[in-house]
Amino acid sequence: MAESKKGGTVQAAERLAQPVLEELGLRLWDVVFEKEGSGWYLRYLLDKDGGVDITDCENFSRRMDTILDEADPISQSYTLEVSSPGIERSLTRDWHFDACMGQMVSVRFIRPVDGVRDFTGVLTGYEDGTVTMLLEDDLEMTFRRAEASFIRLYYDFSQEYNSDEGDNGQ
């Protein structure tokens, strides 16, 4: 599918969702329209203060299913998915970087930097597609967003297991 049509589909999906988002007190983190295998998927990633739950996703999905059927903005068949962007959410829009300033992020570069592709550090700046993060040992790294295959919030899951040590009878 041509990028312009794909982009138009996302814009139409966002526009159609706005009244429902406002009514339900939700924020749209992202909309993704992509092909996986032989099928197309329209994915709404929702957020709100305190996080979304299954009821939020279900209410939004039911409303959008009807709206999308009536408006019919997508010519081919697709699957509608609604979820939270997750704890390790991808930062894909300019405002995501502002919203996550000062938080730990994980970056994978398209091409290795000094032989390394994966970095983790604190997001300290973002302007005009340029990302700045503070790595260990107070090293600052600045790069163009386009150089990264992904940038997402970082969550250290091992901390959860370490805090439970001794509670499981071992």
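## Asp49 and its salt bridge

Asp49 is exposed, at 67% relative accessible area; here buried means under 20%, exposed over 50% and partly exposed in between, with a 1.4 Å probe and protein chains only. Asp49 makes a salt bridge with Arg27, and their closest N and O atoms sit 3.3 Å apart. Asp49 is in the loop between strand S2 (39–47) and H2, while Arg27 is in strand S1 (residues 27–36), so the pair ties together parts that are 22 residues apart in sequence. Arg27 itself is partly exposed, with 36% relative accessible area.

This is a predicted model: local features need pLDDT of at least 70, side-chain atom pairs count only at pLDDT 80 or more, and totals for chains, interfaces and linings use all residues. Residues are numbered from 1 along each chain as its sequence is written, and side-chain values use heavy atoms, leaving out hydrogens and water.

## Other salt bridges

The count comes to 13 salt bridges, taking one as a side-chain nitrogen of Lys or Arg within 4 Å of a carboxyl oxygen of Asp or Glu. One of them pairs Glu58 with Arg62, with closest N and O atoms 2.5 Å apart. Both residues lie in helix H2, 4 residues apart, or about one turn of the helix. Glu58 is partly exposed at 37% relative accessible area, whereas Arg62 is exposed at 56%.

Then there's Arg108 with Asp118, at 2.7 Å between the closest N and O atoms. Arg108 belongs to strand S4 (residues 104–113) and Asp118 to strand S5 (residues 116–127), so this pair ties together parts 10 residues apart in sequence. Both are partly exposed: Arg108 has a relative accessible area of 30% and Asp118 one of 39%. Salt bridges with shared partners also join Arg27, Asp47, Asp49 and Arg89 into one network.

## The chain overall

The chain has 4 helices and 8 strands, defined as DSSP runs numbered from the N terminus (helices H or I, at least four residues; strands E, at least two). From the N terminus on, the order is α-β-β-α-β-α-β-β-β-β-β-α. Of the chain's 170 residues, 33% count as buried.

His96 sits in helix H3 (residues 94–99) and is buried, with a relative accessible area of 0%. Leaving aside neighbours within four places in sequence, His96 is in contact (heavy atoms within 4.5 Å) with Trp29, Ser90 and Leu91.

Gln11, in helix H1 (residues 3–24), counts as exposed at 56% relative accessibility. The C-alpha atoms of Gln11 and Val31 are separated by 8.5 Å, with the two residues 20 apart along the chain.
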